[in-house]
Amino acid sequence: MRGEAISGPRPVRSDARPVHVIWMTSGLGCDGDTVSMTAATNPSLEDLLRGALPGIPPVIIYNPFFAYETGEAFMRAWGDAAAGKLDPFVLVVEGAIPNEEVNGDGHWAAFGIDPATGQPITTCTWIDRLAPRAAAVLALGTCAAYGGIPAMRNNPTGAMGLRDYLGWDWVSRLELPIVNLPGCPAQPDNITETLLCLVLHLIGMGPPIELDEQGRPRRIFGRTVHESCDRVGFAEQGRFAQSLGEPGCLVKLGCKGPVVKCNVPIRGWVNGIGGCPNVGGVCMACTMPGFPDKYMPFAENISLVTLYTNAARFTYGPVLRYFRERTIRRKYDVEPPWRRRAAELSSGYRRSW
Ligand code: SF4
Ligand code: SF4
Ligand code: SF4
């Protein structure tokens, strides 16, 4: 998908070189992150492609899902990138990486045909060709970041995240570590925002993305779901939903929000709307490195939850609720006393003349 020239003055310097985004969807995954990005609004995909944001260069995204080109015409960019003719480019990998060295005969993931052999080119081969040429690398979605669903226990593919494949200390030729952007799928605005930050950094207009110890953007993954959830007030006062659809904190129904790093409750899903527990769904921990194995079964609560909920329900929760409701009723949910008809002014106002 290519950004088109738009009429009128553009904020982009006339000498600005395009930044290319080579987006592989051929890992073990479902293309859900590509679909997710189409819902982005802040910034939107169109904002990126059309240079609608001040200072950004033309951005060209090569993604099989969006492309008009097919066959050899589409594969040309991949060949050019591998040959060093596309510069700079961001390599986006979506889907888990199968370990083709140990997972038996044949292959699990491939993309394009090698003209010399007539055989499919495996995803691992593409990564080996492209990663050394890339200016920056983004592992998009939990599958690409940590292995995700394809890497569940007992899977036959040897699936793993991109950092597990290339090495956790791997850096691009510009010395940038792989950015992990987990989520199943990743939240739409998180995707476009991270791409924008990478592009701005590549053209010298922004700092590198600060990452945490799991390779995630610290700004996006600095808080737990619980810290941002709009049901946390219920939890504080010991009000827990017993079934789906009830008001109250969802922790007894299996919500993993207290131990999960994700900004979806505060950012919403599309244009600020939605966000798992905010709209009645338990958090299943889809952004976490141990997802899904460590959080199953999704609809059962984790250890110590019964202790926590009982403590909240039968000790400080009711006490908090009682005093808070009483204070609200007596002090804060009433008008100030001087706002009544009376024989004289009682608001405390003093005339100075
Ligand atoms: Fe699909 Fe989830 Fe994997 Fe993304 S992380 S490719 S949405 S299964
Ligand atoms: Fe925390 Fe989940 Fe309850 Fe929200 S619903 S307050 S995230 S436990
Ligand atoms: Fe995934 Fe939980 Fe975040 Fe929802 S709130 S996107 S289930 S980590």
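The following legends describe close-up views of a predicted model. In this predicted model, local features need pLDDT of at least 70 and side-chain atom pairs count only at pLDDT 80 or more, while totals for chains, interfaces and linings use all residues. Residues are numbered from 1 along each chain as its sequence is written, chains are lettered from A and ligands numbered from 1 in the order in which they are written, and side-chain values use heavy atoms, with hydrogens and water left out.

View 1. Strand 1 spans residues 19–24; helices (H or I, at least four residues) and strands (E, at least two) are DSSP runs, numbered from the N terminus. Six of the six residues of strand 1 are buried, where buried means under 20% relative accessible area, exposed over 50% and partly exposed in between (1.4 Å probe, protein chains only). In a regular strand, side chains alternate between the two faces of the sheet. Here one side carries Val19, Val21 and Trp23 and the other His20, Ile22 and Met24, and both faces are covered. Two strands pair if DSSP finds at least two bridges between them. Strand 1 runs parallel to strand 2 (residues 59–62), to which four bridges join it, with Val21 opposite Ile61. Strand 3 (residues 89–94) is also parallel to strand 1 and is joined to it by five bridges; Leu91 of strand 3 is the bridge partner of Ile22.

**View 2. The salt bridge between Arg216 and Asp212.** A salt bridge is a side-chain nitrogen of Lys or Arg within 4 Å of a carboxyl oxygen of Asp or Glu, and by this rule the count comes to eight. The closest N and O atoms of Arg216 and Asp212 are 2.9 Å apart. Both partners are buried: Arg216 has a relative accessibility of 3%, and Asp212 a relative accessible area of 8%.

View 3. The side chains of Arg324 and Glu236 meet in a salt bridge of 2.9 Å, N to O. Arg324 lies in helix 11 (residues 305–332) and Glu236 in helix 9 (residues 232–236), so the pair ties together parts that are 88 residues apart in sequence. Arg324 is partly exposed at 30% relative accessibility, as is Glu236 at 35%. Glu325 forms a salt bridge with Arg239, and their closest N and O atoms are 3.6 Å apart. This pair links Glu325 in helix 11 to Arg239 in the loop between helix 9 and helix 10 (264–267), 86 residues apart. Glu325, with a relative accessible area of 39%, is partly exposed, and Arg239 is partly exposed at 38%.

**View 4. A salt-bridge network.** Glu193, Arg219 and Arg267 are linked in a network of salt bridges.

View 5. Around ligand 3 lie Val225, Val260, Cys262, Val264, Cys276, Cys283, Met284, Ala285, Cys286 and Thr287. The shell of ligand 3 divides into nine nonpolar residues, one polar and no charged.

Technical notes
Near = heavy atom within 4 Å. Nonpolar A, V, L, I, M, F, W, Y, C, P; charged D, E, K, R; others polar.
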